[in-house]
Amino acid sequence: MELFIVNYQLKVAIKNNGEFVNEYETRSETMTNTSNFLPEVLTDIYEKHRHEWLIGVEIQDVTLVETIDIENRELIHA
C-alpha cells in the first residue's frame, strides 16, 4: 500500500446569506491519500469540500511518503 501527500489549491465562492456574491477566495491545503490516480484524488478533494461552493481545484504536488508491504507488514520506502 502506498501513501501520498497531495498539495492543492482551492478556489471557493464566497456566499452571503446563501447567495453567490461574485467573489471568491483562494487557499492552499494538504491531504494524505492512498492513490496518486488523478480522478481518485479529485473525487476525495471534492468529497472533503462538498459543503463549499468550489469554483476550481489545482493539484500542485503529489509526493510518495511511504510504501508498505501489507502481507509482510514491512516498510519498503520512507
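A: Isoleucine 55 is partly exposed, with a relative accessible area of 46% (buried means under 20%, exposed over 50% and partly exposed in between, with a 1.4 Å probe and protein chains only). The model is a predicted one, in which local features need pLDDT of at least 70 and side-chain atom pairs count only at pLDDT 80 or more, whereas totals for chains, interfaces and linings use all residues. Residues are numbered from 1 along each chain as its sequence is written, and side-chain values use heavy atoms, with hydrogens and water left out.

Isoleucine 55 sits in strand 3, which covers residues 54-69 (strands are DSSP runs of E with at least two residues, helices runs of H or I with at least four, both numbered from the N terminus). Together with Phe20, Tyr24 and Trp53, Ile55 makes up a nonpolar surface patch whose accessible area comes to about 410 Å² (patches take residues with over 30% relative accessible area and no salt bridge, joining nonpolar side chains, namely Val, Leu, Ile, Met, Phe, Trp and Tyr, within 5 Å and like charges within 9 Å; areas come from the Shrake-Rupley method with a 1.4 Å probe, and for residues only the protein chains shown count as cover).

Of the 78 residues, 19% count as buried. Among contacts with a separation of 6 or more, 56% join residues 24 or more positions apart (contact means heavy atoms within 4.5 Å).

Strand 2 also holds asparagine 22, which counts as exposed at 64% relative accessibility and has a positive phi of about 65° although it is not a glycine.

Arginine 27 lies in strand 2 as well, and it is partly exposed at a relative accessible area of 22%. Side chains of opposite charge can pair when their charged atoms come close. Arginine 27 forms a salt bridge with glutamate 25, the closest N and O atoms being 3.1 Å apart (a salt bridge is a side-chain nitrogen of Lys or Arg within 4 Å of a carboxyl oxygen of Asp or Glu), and glutamate 25 is partly exposed at 38% relative accessibility. The side chain of arginine 27 also meets that of glutamate 29 in a salt bridge at 2.8 Å, N to O, and there is a salt bridge from arginine 27 to glutamate 52 with a closest N to O distance of 2.7 Å. Because arginine 27 belongs to strand 2 and glutamate 52 to the loop between helix 1 and strand 3, this pair ties together parts that are 25 residues apart in sequence. Glutamate 52 is buried, with a relative accessible area of 17%. Through shared partners, salt bridges join Glu25, Arg27, Glu29, Lys48 and Glu52 into one network, and a search of the whole structure finds five salt bridges.

At residue 33, where strand 2 (residues 19-33) ends, stands an asparagine, which is buried at a relative accessible area of 5%. A polar atom of the asparagine 33 side chain lies 3.2 Å from the backbone nitrogen of serine 35. Leaving aside neighbours within four places in sequence, asparagine 33 is in contact with Glu2, Leu3, Phe4, Val6, Glu40, Val41 and Asp44. Serine 35, in the loop between strand 2 and helix 1, counts as buried at 9% relative accessibility; its side chain reaches the backbone nitrogen of phenylalanine 37 at 3.0 Å. Not counting residues up to four places away in sequence, serine 35 touches Phe4, Glu40 and Val41.

Val6 and Val41 also belong to the largest nonpolar core, whose seven residues are Val6, Tyr8, Leu10, Val12, Met31, Val41 and Ile45 (a nonpolar core is a set of buried Ala, Val, Leu, Ile, Met, Phe, Trp, Tyr and Cys residues joined through side-chain atoms within 4.5 Å). Strand 1 (2-16) and helix 1 (38-48) are the elements that give two or more residues to this core, with strand 1 giving the most, four residues. Leaving aside neighbours within four places in sequence, isoleucine 45 is in contact with Tyr8, Leu10, Met31, Val57 and Ile59.

Definitions and conventions. Polar contact = N/O pair within 3.5 Å; in protein donor to acceptor, adjacent residues only side chain to side chain.
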